[in-house]
Structures are given as structure tokens and as C-alpha cells.
Amino acid sequence: LPLEPREVLPGTLDLMVLKTLDTLGATHGYGIAQRIIQISDGILDLNQGSLYPALLRMEQRGWIESGYGMSENNRKARFYSLTPAGRKRLKTEIDQWLGMVAIMQRLIEGNPA
Amino acid sequence: MKQAFRQWMIRAGGLFRRGAADQRIREEAEFHLSMLEEQYRQKGMSPHDARLAAKRDFGGITQVREQYRDQSLLPSVESFRSDILFALRSFRKTPAVTLLIIGTLALGIGANTAIFSYLNEILIRPLPFHDPGTLIHIGRDWRGESGATAPRDFFLVRDKAKTVNRVATMFLHRGENVETPGMAQYITGIKISKDYFAVLGIQPLLGRTFTAEEDAPNGPKVVLLSHEVWLRAFQGNRDIAGTSIKIGGVQHEIIGVMPDTIETNLRARLWLPLQTTGMGRDTNYTTIARLNPGVTVAQAASEMEALFREQERQDPNRPRGSRENDTLTRVILLHDLEASEFRQPVLVLYAGVCVVLFVACINVANLLLARSAARSREIAVRSALGAGRGRIARQMLTESILLSLSGGAAGLVIGQALVWGLQKVLPFPQFENVALDRTTLWFTAGVSLFVGLLFGLAPALQALRVELIDTLKESGAKSSASRPALRGRQALVFCQVLLCTLLLAGSGLLVRTVLNLRAVEMGFQPDNLITAPMTVNADKQRDKTTMISYYEQALQRVRGLPGVSSVGITTQLPVQGQFNMGLLLLDTPEPDRGRGLQYRVQTADTFRTLGMRIVRGRDFQTSDRFGALPVAIVNESFARRFGRDGDAIGNRVRMAGRDTPDIFTIVGIVNDVRETGLRSPVPPVVYMLFDQAPQETIRVVHQFVPAKWVVRVQAGVNPDLPGQIRREVGALDPSQPFQQFQTMQAIVSGTMQMERLLMALLGAFALLTLIMVASGLYGTLSYAVTQRRQEIGIRMAMGARWQDVVLTVSMSGASLVAAGVAVGLLASLWTAKLLAGFLFHVPAFDPWSMSGTAAVLILVSLIAGAGPSWNAVRTDPLRALRVD
């Protein structure tokens, strides 16, 4: 059953970005977007521009930091990378998400814990 | 928390790097788009299609940029910015009202700033000495009157007290004739014990302070100069070792120069060693001390009290009949001693100026209310567009605070101008250092902010209350919604009238006080009388014959000058103060043990010159010389108190003290003169002549007071008389200059200068508030007339006469004022209590001040009501009913 393209679930963008940076290391915004789209197999309808306010917010919170670097095609770009606080945050986000998934699963299957 | 702070910091930083955030998102978008484009082109799209596809993927750039920018700024700061811009726009739309508001506030805050700088100087600013919190004054109150200490008290504290580590005393103010090359000058100086400057923590600029040997009885003639005298006499020459200066006709060696920073606080220009034996019992010495570390003032006080009690118990010469509680020890911080005289007046004035500021605030609140009423539709529209009520209230407060800060800034300028003006007219040396210092600046800023909140509250609350639908709907029938607004404004005017009543009634009481003081029967004629003190040098004080022949020659010279009717010399002028000596009355029913009586020594012509009257017996005569029968004259009060059936002629008196055997016979009774001030009852006084008073008495008297010359002049004959007297007498002995010549009238009004100062300033405050009340009332009545225009139109259409309309309008004003006055007058009973210390023969509920206050306010309310009444009368019924 092919999935319909769908919007990013509210509250999940942070997790996606943090996990992407965790996997890839320092990456520019374009790279982050491509990675998320690629992983979702084109199903997530990511409004790529909306990534940037989110990046700024996370940088303000101290989860990520940014600086200039050279992209694969030799262009100057802003690269984002995780800070230790960001790593901790990622762990929290994953736990929360897995918890939520577990709840949803039990709800759907009708098995009380 | 830390994170939130970090975010806040970054955002606050963003506020000032607005451009940087914009730049950054532009770069990011550009890079992202070009990467997308390239990706699509590699898939075989045309450049145009690739671009479109990239843009589609990226989403709305403008939205992202907005979001990005909002996020890079503090939301509250950002909207605060827009609040301010909005406020400025709305000020520009109503420049007249805005200026009126700022002007009103500037006056209120300016007056507040000026008076606060005095309060600051007197009550708050620490003394400019080292660690002023441990600097105490030790005084001894006598029967409830604050008093000073005697030399033996100083010795006792210095030698026995354990709560203090350094003690010093000084002899109360007097001056010296100082001769510098080319001229002689009278310079204020005090005699101090050797540790005086050590207690205060002041080092000499040059040389040293007094040693124990120099401070011992009969010690050497040495002097410490102030910076000012040093500059004048020695042109700032630092090599002062071995130099000397003639003081009181005697050479004194200069041992040091004090720094210039202390002069205004010590009010002396030279210092001599006290050289006391410590035996004296005369309480003319101010004793100060340094508390030991950790000792409180109260602890020191209880130790001193115990020491003095013990001293009294062991005193063989304790005056008979003196009771245990006659003297009480009073230990206070030196700062409080300095403040004591001016504490009450400064507090009264500050209270007055706060009332002014409060009334100004009410006026401003009223104006803002009027404005926000006019803007109620704008406000309703804004809230319809989604502005929260809190947001709108905040907008109102922002406007108020902007106004109050502008008013505060202008107020600082006015305050500075007022302080400059006041410094020129205020005669008190304690105010010399008053200036707008940092404390005052901060205080004014705080006051501005506070009043902004205060008067901003009313419109802000009103904004919270605006009924959205009603206001938008409100087109013709604006009756019900406006009533509460009108009532609020009436309440404000009521408060204003009340406060104004307080000030008016208070200044009324002071006006009456000054009038009463002026009406006091003084017992002499102060008009056409000029006077100046002159201290005679030591040679004349030591030798009476030298002094008398000097006086005779000098008086002869002055008598010869044109415009002089008569001239005399006395040791104490009327109304100017106390001077007691111990006297024995030899004809009292039981033997007299001596008592302190008011005592003056003078020349034969003095009663005539002052315009006093001999009631019985005779005046002094030129034949009452040294060697002739010693005579005295007493006043009526003396005769009533000590004479038989009010007559004391023939009674005999003698100076208390072994070495003065002369017995004086009372030959005349002179009329009562307000010797010790206008307020005090006339005390018994004994008058003697320089020719006959004992040598020792004359020496002692001169130690305390310089002789005062009084000259009765023929009005308008010789305007340069003081200068000529100076030259004539100066030619006789240039080393003894006159001090300032003054008219006796000036001296009399000088004794009521505090009352006059309070009267003038409170009167000015009252006038200022009265103007504000008038304008507030005018505004409110105009508003009421506008609100009731339709009603008035209908009434007039129904046949109401113009008199009825005027009556309705002015009655609404007058009843408001009457209510305010009534409550204000009741409250002014409390004001009178605050002023009680200054009032003279005025009851707290003084019918004259009260009715005057009421009359003024009613009159003002009628005047303020005239304009609105006229407007109401001119209402055209047809147009009023059509009003939209």
C-alpha cells in the first residue's frame, strides 16, 4: 500500500534534525533536508525553508552550533553540528518518541501494559 | 533556567543585530535554493523549470524570513519598541496636550527635585568626614532644652569614658580680628581641644595640629589657618614654618594649614587651641567623640549618663534646689545634630512639594483620561483587530511613562534652576553645599517613573474597561457609557481641591504667623537704625580704661558725621539672643544665692539711640563714671518680678563672684524690650555701663560676644554712612574692623526668616496647585458640558433660561469644590500640627486662614466655571440635538 505524502508531525522536526546531525556530523541545512527526505523515501512533505527557523531556535537553545564551511561542490555554507547539550536532548527526544510509539501501539492493539 | 537566560541573551543581542539575522537567512536561502536548482538541472530540467521546482520545495521565502526575524528578537522588547513608536505618533497628533502634560510634570518634578536636594543635604548625605557613622555629639539638655557641655564635662568624658576612643570639644562660634599685611579683617574662628581634627579624621594640608603642650592652660599663642585665609594672607606660600599672624592684636605662630575641603562644613576660617583648665561649668562647648568599634550610640549614651550622674552626686557646689532630672545627657550622631535645626522645615517643605507633584499628577491623569476618552474608538478598533486588553493597557502605560520621563528630564533643568535661585536668597550657611548630586538624580528618575505609573494607571484601567461593542456602536447616544468616566474625573478634581486646601490653609497659618510676629510690640524703634558688631582686641579687653577711652573717642568721631542722630554701644542687641550673667540681688526678702539673669553692658546713649523709654527713675548719665556711685537700670519685667509693688528703684545688685565687690544701685526702670526674640516673653534684664561694670565682668562678656554699635540715622541724609563710620573709627585703630553693617529692620526680620521662608515657599506651592486646580476644574466642567450638550439643548428647547444653564454648570463645579474644601479644612488640622513649631499666636483652626482658603477656592472655581458655562449657554438646541 503506497503511502500518501504527508506533513511533518508537529514536534518531530527537532528529533529529525538532531538525529540527522548525530548520524552525519556537521552538515549544512540543505544536507539535513535531503537526508530527511531521503530517509522518508519521499513520503514526508518537508517544507524545506521551515527548517531554518527551527535551526535557529535550536542554536539559541544551545543544542547545536553553526559555523562556515565548504560544501561538497566547493561553496561557502553554514554547517550545523551537535553540542553536548544537543546530544543529551536527542536522547530525551528519542525516549519520548519511543514512549509515544509504545503507547500508540498498545492503544491500537488493545493490549493494556 | 540557564538555557532560557542564554536564549534571552542571544535574542537580546539579536535585537541590535537585526540586520545580521536578515543577512544570515538570505545566505542560507540562497545556498539552499541553488543546491536544489542544481539537483533538478542534473535530472535534466531546464534552468527555468529547475528554479521553479526549487522554489516550490523551499516554500514561501518571505514567511520564513519573517519567522526567522521574529525569532531572532525578544518578542516583548520588539512590541515595546512598537509601543514607543505608536506613543510618539499619538503625541505628534496632539502636540498641545502633550506639551501641557510635560510642562505640568516638569514643574511638579522640578520643584520636587529642588526641595529634595535640600532634604538630601540636611538629612541624607553623610557628613564628609571619615566614617561618619561613629561620630557622635555629647550634649546635656537642661530642663528639656537642648544644651551643650562644660569644660569639666569634656574632661570627664575624655578621661573616664570607655565606649569612645577620641574626644574633643570646641568653644561655640566667635571670631577674631586678623591682621594681614595691609588690612585687618574679622574672621570666624573657633577654639578647639587638641584632638578635634583627629576625631573628625582630618589631616592638615601643611604643618601639624595642636600638641598637648599647646593646648594646656597659658600655652603658647599658636593658630591653624584655613586654606582660604592662607591663600589670602600668604598667597599659598607653602613655607609657613616660623611665620606668624596678628590675631586680636597679638602675634600667633602659624603651625598648620587645613585643607579646603572642610571649610564649609566646619564654618570656621581659623582654629585656636582651647587651653582650658577643665574647671569651667559654663555650658558653651560642643563635645564630639569617636565611638569604639562595635559600640552603639545607645551604649555610649548610657555610659555618659552614668558618668554625669556620678559627677553631679559628688559635686560639692551643686546648685541648691536643682533636681535629679534637670539635666539629661543626650548622645546623638553628629549628623543628627547638624540636621536638627533644619529637619522639620525641610520635611514640611518636602511634604508641600509632594502635594504639588501629586496635584500635577492628577491634572495629567485628567488630561490623559480626556485624551483616552477621545481615543476610545481607536482603542476599540485595535482590540477588535486582536490586540489584547493587557496589550492596550500596556500601550497606555508606555505613553504615560514616556511622558513622565520627558517631564522628569525637563524637571531636572527646572530643579537646577530653582536650586540656583534658592541658593541666592536663602541665608542659611547649612545650605551652602546644596547641589543636584547623584542621589538627587537617581531620586528624580525614580520619582518620574513612579508618577508615570501613578497617573498612567487611570487611563490604563479605563482601557481595560472599554466595552468593545458599545463603543463601536456609540454614535449619538453617548450618555450611559460616559457617566463613570465623568465620575472618575470628578473624583480626581475633588482630590486636587482637597490637597490644594491643605497647602492654602498651611500657608495661611504662616502668613498669619508672620503678621503676628510683625505686630509684636518690640519696645524699641528699629527703623532708621543701623548696627554692626566690632570685637575689641585683647589689650582693651584686659584694660577697661583703654577700652573706655577708645570708645569715647570713636563715638565722638561717629557723632560728628552727617546724618547721625545718636550712637551707642551695647553687648547685646534687642531680639538677637541671650546673654546670662550670675547676679546677686541684695534686697530680696531672703538672702539671694545668685541667679543667672539677662545682662547687658552699654554706653550712656544706648537707650535713647534704640528708642527705648525710661518708665521710672532716670536714664544713665555721662556723670555715671568710674568712681561715681555705681548704678544699674532694670526693665519692667525685672521690677515686676523682684521689686516691691513693681518698683525696684533703690534696690541693690552685685555681680556674683568674689572679685567684684562693687554694689550697684538701681536708678531707673526702662520699658520691656523683646530682648531674646519676638516669640519669647520679656525676661528680667539688668543694664550697666562700660564705665562702671567690673573689669573682670567686661573681660568675660567680651569673650562671648563682640560689642554691637547702634547708630540712629536721619533718613536719607547720608547713604554712605557705614563706609564713613568704618573709615573714621578705622583711622583710630585699624586693627579692629567692623563686621557687616545691617539695618535693625533686617535683623528683626532675620529672626523670623525661617517662618518667612516657609511662608514664601508654601505660598508659592499653594499658588502653583491653585492654577492646576483651576485648569483641572475647567477641563472637567468643559467635558461635562460636552457630554451633556444634548441634555442642555433639550432643556433650552423646552424653555430653560440661560441663567438656569449657568447655574446648573457652575453648581456642579462649586459643589465639587465645596466638598473638597470641607474635607480639606478638616484635614488641615493635621497640617497645622506639622507646622505647630513655627506658628505664633495662631490657633490650629484659625478662622481667618480657613475662611480665606475657602473664599479663594470658591472664587477660583467660579472663574474656572465661567468658560464652560458660557459654552453651555451658547449651545444651539437644534445643532445639539443633531450632533452625531
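## Where the two chains meet

How many residues of chain A are in contact with chain B, and with how many residues of chain B? In this predicted model, 29 residues of chain A are in contact with 24 residues of chain B. Among the chain A residues, Tyr30(A), Tyr52(A) and Gln60(A) lose the most area to chain B, and together they make up 31% of what that side buries. The area buried between chain A and chain B comes to about 2,400 Å², and carbon and sulfur atoms give 50% of that area.

## Polar links across the interface

If you like to start with charged pairs, there is 1 salt bridge to look for between chain A and chain B. In this salt bridge, the side chain of Glu59(A) meets that of Arg24(B), at 2.5 Å from N to O. Between chain A and chain B, the count of residue pairs in polar contact is 10, with both residues at pLDDT 80 or more.

Which elements of chain A give two or more residues to the side that touches chain B? They are helix H2 (29–39), helix H3 (51–60), strand E2 (64–70) and strand E3 (76–82) of chain A. The largest share comes from H3(A), which gives 6 residues. Sorted by class, the side of chain A that touches chain B holds 10 nonpolar, 12 polar and 7 charged residues.

## The build of chain B

Now to chain B as a whole. Chain B has 30 helices and 21 strands. Its radius of gyration is 38 Å, well over the 29 Å that the globule rule gives for 884 residues, so chain B is more spread out than a compact globule. Taken along the principal axes, the C-alpha atoms of chain B fill a box of roughly 135 × 85 × 55 Å.

Of the 884 residues in chain B, 51% count as buried. When contacts in chain B with a separation of 6 or more are considered, 82% of them are between residues 24 or more positions apart.

## A closer look at Asn120(B)

Is Asn120(B) buried or exposed? Asn120(B) counts as buried because its relative accessibility is 1%, and the cut-off for buried is under 20%.

What does Asn120(B) touch, not counting residues up to four places away in sequence? The residues are Arg125(B), Asp437(B), Thr439(B) and Thr440(B). With one of these, Asp437(B), the side chain of Asn120(B) makes a side-chain polar contact of 3.0 Å.

Terms used: Residues numbered from 1 in each chain as written. Chains lettered and ligands numbered in written order. Predicted model: local features only at pLDDT ≥ 70, side-chain atom pairs only at ≥ 80, totals over all residues. Heavy atoms only, no water. Contact = heavy atoms within 4.5 Å. Buried area = accessible area lost by both parts, 1.4 Å probe. Salt bridge = Lys/Arg side-chain N within 4 Å of Asp/Glu carboxyl O. Polar contact = N/O pair within 3.5 Å; in protein donor to acceptor, adjacent residues only side chain to side chain. Helix = DSSP H or I, 4+ residues; strand = E, 2+ residues; numbered from the N terminus. Nonpolar A, V, L, I, M, F, W, Y, C, P; charged D, E, K, R; others polar. Rg over C-alpha atoms; globule rule 2.2 N^0.38 Å. Buried < 20%, exposed > 50% of the residue type's maximum accessible area, 1.4 Å probe, protein only.
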